[in-house]
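Hi,

Here is the structure I promised to pass on. Have a look at it first, and my notes follow below.

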Amino acid sequence: MLAILHPNTELDSEAYRQTMHYLENLPGVSVRVHEVQGASQRLTEIYLLGDTKTLNKEEIEALPAVERAIRISDDYRILGRHKDDHRQSGFTYNGVEFSQNNLNIFAGLCAVDVPEHVEQMMQALEDNGEVCTRMGAYKPRTNPYSFQGHGKGCLPWVFEKAGKHGIKVIAMEITHESHIEEIDNCLEKLGRPTGVMLQIGTRNTQNFELLKAIGRQKTYPALLKRGFGITLNESLNAAEYLASEGNANVIFCLRGMKTEAGQPHRNMVDFAHVPAVKRLTRMPVCVDPSHSVGSRDRSPDGILDVMHATAQGVIAGANMVLVDFHPKPEKALVDGPQALLMKELPAYLEDIRLCHDTWKKRQAIYQTLKDSTAE
């Protein structure tokens, strides 16, 4: 069962103390508290886990701080959609909204290499009105002799340049719990010039101890990439690991499935699952066309495959795009052959906006149909 408190309930208020005293003394029930910061208000959700079938919904709703109570199913208890559930989807972080209704673009370097390239990338983003980017400092690689990323050594100048160019959120993959502390310490020393979204790569989708560590901290939101060789349900449960530890600010990323059936692309593009994930959960959904396609191959219409894949995801309702760009792909230390060129950035952004507008128009068409059917 889920108890949703009145908006902006103070955790030191008498109503909250009375409510928690009652809930924490229910036999056979454990209590987990989640705070959700929206654009205009803070919501507190209290999850009652265990033997909740006998609980009286009306009694829970009569508690002084409770606005309403919802019975939830076993699947994706925190992040899932449930009957009679009208909770908001998404969250606001560092002034940027992430929800199932909007779109944010994270164009940037798959792997940070030299300061000049980071500067050029962020300058281009600022020139085009973008406030988010991707920057890989920690890089898990299949080959132990491949470049593993500069790690914490590059964090100070990456964060300083982000602040200089008005970048508010950087998607940055981490591979170990210690990376959270390294990022946090660096941001704190610099006066927090930017924000970081902790990215969990496809290899770590079922690294449950890492998921728990990221879930226990509530400072940074998480971007979870789908596991490349497991079912969608298993990947969504990995996201639930994050939420169950306390951090429900999670974005789910589709990045293609590892199978020979996807050739000639690097992976089988799975963007048809965008609406499915939005139906099953309240998470915003990201698409990663760079790692799905994995090349700069171009179709006869003159459009790159990665751009076509992006369009498919955005027209289906994607809320975030994670994409590789590089000032000099031939010098990139990771995934240079799939990176888009800086001169392609304005056209790519315009293409995405066109596709997002088309999604909105598609919504309007079917909303009209729904309304007329209901009459």
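Predicted model: local features only at pLDDT ≥ 70, side-chain atom pairs only at ≥ 80, totals over all residues.

Which handedness does the β-α-β unit made by β10, α6 and β11 have? It is right-handed, meaning that, with the strands pointing away from the viewer, the path from the first strand over the helix to the second runs clockwise. The chain then crosses from β11 through helix α7 (residues 232-244) to β12, and this β-α-β crossover is right-handed too.

Residues are numbered from 1 along each chain as its sequence is written, and side-chain values use heavy atoms, leaving out hydrogens and water. Helices (H or I, at least four residues) and strands (E, at least two) are DSSP runs, numbered from the N terminus.

Now the strands. β11 (residues 222-225) pairs with β10 in the parallel sense over 3 bridges, and 4 bridges join β11 to the parallel strand β12 (residues 250-254); pairing takes at least two DSSP bridges. Leu-223 of β11 has Gln-199 opposite it and also stands opposite Ile-251 in β12. β11 is covered on both faces, with Ala-222 and Leu-224 buried on one side and Leu-223 and Lys-225 buried on the other. Buried here is under 20% relative accessible area, exposed is over 50%, and partly exposed is in between (1.4 Å probe, protein chains only).

Next, helix α5 (residues 177-189). Its buried residues are His-179, Ile-180, Ile-183, Cys-186 and Leu-187. The face turned away carries exposed Glu-181, Glu-188 and Lys-189. Just after α5, Gly-191 has a positive phi of about 85°.

Last, Asp-335, in the loop between β14 (320-326) and β15 (340-341). Asp-335 counts as partly exposed because its relative accessibility is 21%. Beyond its neighbours within four places in sequence, Asp-335 is in contact with Cys-110, Arg-266, His-291 and Asp-324. Its side chain makes polar contacts with the side chains of Arg-266 (3.5 Å) and His-291 (3.2 Å). A polar contact is a pair of N or O atoms within 3.5 Å; within protein, one must be able to donate a hydrogen and the other to accept it, and residues adjacent in sequence count only if both atoms are side-chain atoms.

Cheers

How values were computed
Contact = heavy atoms within 4.5 Å.
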